[in-house]
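Here is a short briefing to read beside the model. Please keep the sequence and the 3D view open as you go.

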Amino acid sequence: GFSSDEKSARTSNCSDSGRHTGRKDNRPLHQVAEVLSLQSEALAQLMNEASAALELRECLNELIATEANYVTDLKEVTHVFVEPLRAVLPANKLYAIFSNLVQLKELHIGFHQDLVKAQKEIDNDYGLSAVTAFAKMMPYFKMYTAYCSNYPNVASALSGAREEFADAATLLDQAESSHGVSLQALLFRPVQRLCIYPLLLQKMSRSSAEGSEVREKCELVFHSMQELNVEVNETIRRVEANLRTMTALMSVENMECLVEAGRQLHVEVNVDMKCPTANALSSWGKRRSYKWYILSDYLLICKPRKGGDTFVKRALWPLADLLVAPANVSFIGMRLKWKDGRVEEGSTSSFGAVSHSSGSTSHTESWRRVTKSSVSGRSEGTSVDQPQDSLRSGEHPVYTTQHRGGKPDKPEVFRLCFEGVEYKCWANSQAEMLTLVDQLSNFITSHQHMREDIQKRVAATAG
C-alpha cells in the first residue's frame with residue numbers, strides 16, 4: 001500500500017505526464033495543417049500560372065493568325081492591283097494611291113516568320129521570343145508614318161486615276177468585281193492594323209507573370225507602339241491641315257505665294273462686311289458677303305468671282321495689326337496713328353484718346369465683360385464695367401458701348417479695326433459671332449506678343 005502523500009504525488013505525475021503527452025500529440029497536427037495549406041497555395045498558384053500560360057498562348061495564336069491574314073491582304077493588293085497598275089499609271093500617280101505598301105508587305109512577311117518561330121518556343125520562354133520579335137521590328141514600323149499620312153489622299157487619287165486613265169479604270173473595276181472588295185477598303189487595312197497592335201500587346205502583358213522579363217519587355221514595346229500611333233496621328237493632322245490650307249489658297253487667284261511650310265488655315269467662314277465711314281459708292285461702302293480665311297499670320301478676305309467657285313483677294317491684313325470687338329462694342333479710337341505696325345499710345349480721334357489695357361488683362365477678357373453688359377441691353381451712354389487694369393498703360397485696346405443713331409447692333413454683329421478704320425461685320429448668328437471673335441482675338445493677342453518679343457530681341461541685339 002501507498003501512503004496518502006505518495007498517492008497524491010503519483011496522481012500529480014500522471015496528470016503532468018498526460019498534459020505533456022497532449023502537447024506532443026498536437027504538434028504534428030499543426031504541422032500537417034501548415035503543409036496542407038502550403039500545398040493548396042502552391043496548387044492555386046500553379047493553376048493561375050497554367051491559366052495565364054494558356055491565355056498567353058491564345059494571345060500569341062491570335063496575333064499570328066491575324067498577322068497571317070494581314071500578310072495575305074498585302075500580297076493580294078500587290079499582286080492584283082499594284083503590279084497591273086504599274087503598267088498603266090505614272091509612278092507619281094501609283095505612289096499617290098499605294099504609298100509604300102509594297103515595303104510594308106516585305107516588312108510583315110519577315111515579322112510573321114519570326115512570330116511563327118516564337119510560337120514554337122512559348123513552352124520554354126513563355127512568349128519572350130514573340131515580344132522580342134516585336135521589339136526588333138519597332139524601328140521599321142515608323143514606315144507607317146508615311147503610309148498613314150498619305151491615306152487621306154487615297155480617295156481623290158483613285159478618283160483622279162479612274163477619270164484620267166481609262167485602262168486603269170477598267171482594271172480597277174475588273175479586279176474589285178472578281179475579288180468582291182474595293183481597293184480603298186483593302187488600303188485601309190494597314191491603318192487599322194497599326195491600331196490593333198497595342199491591344200494585342202496589352203493582352204499579352206496581362207497574361208504574363210508580374211515582374212517577369214516577358215511583361216517588362218511587353219510593356220516597353222506597348223508604350224513604343226502607343227508613341228508611334230500618336231506620332232502617326234499628329235503627322236496625319238499636319239498633312240490634312242496643310243492640304244486644307246493649300247486647297248483653300250489655290251481657290252483664290254494669285255494667292256499661291258501664301259502656300260508655305262508652317263502657314264496653316266485655322267478658320268474658314270463667310271462674313272458680311274461694310275465700312276460705315278466709306279463712300280456708299282465704293283466697294284467697302286455697301287454690305288457685301290466675303291469669304292474669310294484666318295491663317296496663322298494673316299486674315300485673307302476674298303470676294304467670290306462671278307460664275308465660278310474661285311475667289312479674288314479683297315484684303316490681306318496681318319493679324320498683329322487688327323483689333324476685334326463683339327456686338328454693341330466699339331473701339332474708343334478709330335482714326336489712329338499707326339507706327340511700326342501698331343497703334344501709338346495716346347493717339348486721339350474724334351471719339352477721344354486711346355488707352356490700352358495692361359498685359360495682365362487679355363484681349364478676350366476685356367471684350368467678354370463688355371459683351372455681357374451690352375447684350376443685356378444697356379442703353380447708350382451707360383458706363384461699362386471694365387477691368388481696372390484696362391485703364392492703365394499696356395497692350396490691349398479698351399472697348400466701350402456705342403449704339404449708332406440710338407439703335408443697338410443686332411446680336412450677330414461685330415467690329416473689326418485695321419489701321420484706324422473700323423469695319424462692321426455680320427456673322428450668321430450670335431453664337432458664331434462670339435466663337436469667331438474669341439478665336440480671332442486670341443490669334444491677334446498671340447501675334448502682338450510675338451511681334452513685341454521680336455522687336456525686343458532686335459533692340460537688344462542692336463544695343
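Helices (H or I, at least four residues) and strands (E, at least two) are DSSP runs, numbered from the N terminus. This is a predicted model, in which local features need pLDDT of at least 70, side-chain atom pairs count only at pLDDT 80 or more, and totals for chains, interfaces and linings use all residues. Residues are numbered from 1 along each chain as its sequence is written, and side-chain values use heavy atoms, with hydrogens and water left out.

- Strand S15 (residues 421-426) contains Glu422.
- Glu422 counts as buried because its relative accessibility is 7% (buried means under 20% relative accessible area, exposed over 50%, partly exposed in between, with a 1.4 Å probe and protein chains only).
- The side chains of Glu422 and Arg415 make a polar contact at 3.1 Å; such a contact is a pair of N or O atoms within 3.5 Å, and within protein one must be able to donate a hydrogen and the other to accept it, while residues adjacent in sequence count only if both atoms are side-chain atoms.

**Helix H6**
- Six of the eight residues in helix H6 (residues 143-150) are buried, so the helix is mostly covered.
- Those buried residues are Tyr144, Thr145, Tyr147, Cys148, Ser149 and Asn150.

**Helices H3 and H5**
- Leu107, Gly110, Phe111, Asp114, Leu115 and Ala118 in H3 meet Ser129, Ala130, Ala133, Phe134, Lys136 and Met137 in H5 (contact means heavy atoms within 4.5 Å).
- By class, this contact of H3 with H5 has eight nonpolar, two polar and two charged residues (Ala, Val, Leu, Ile, Met, Phe, Trp, Tyr, Cys and Pro count as nonpolar, Asp, Glu, Lys and Arg as charged, and the others, Gly among them, as polar).
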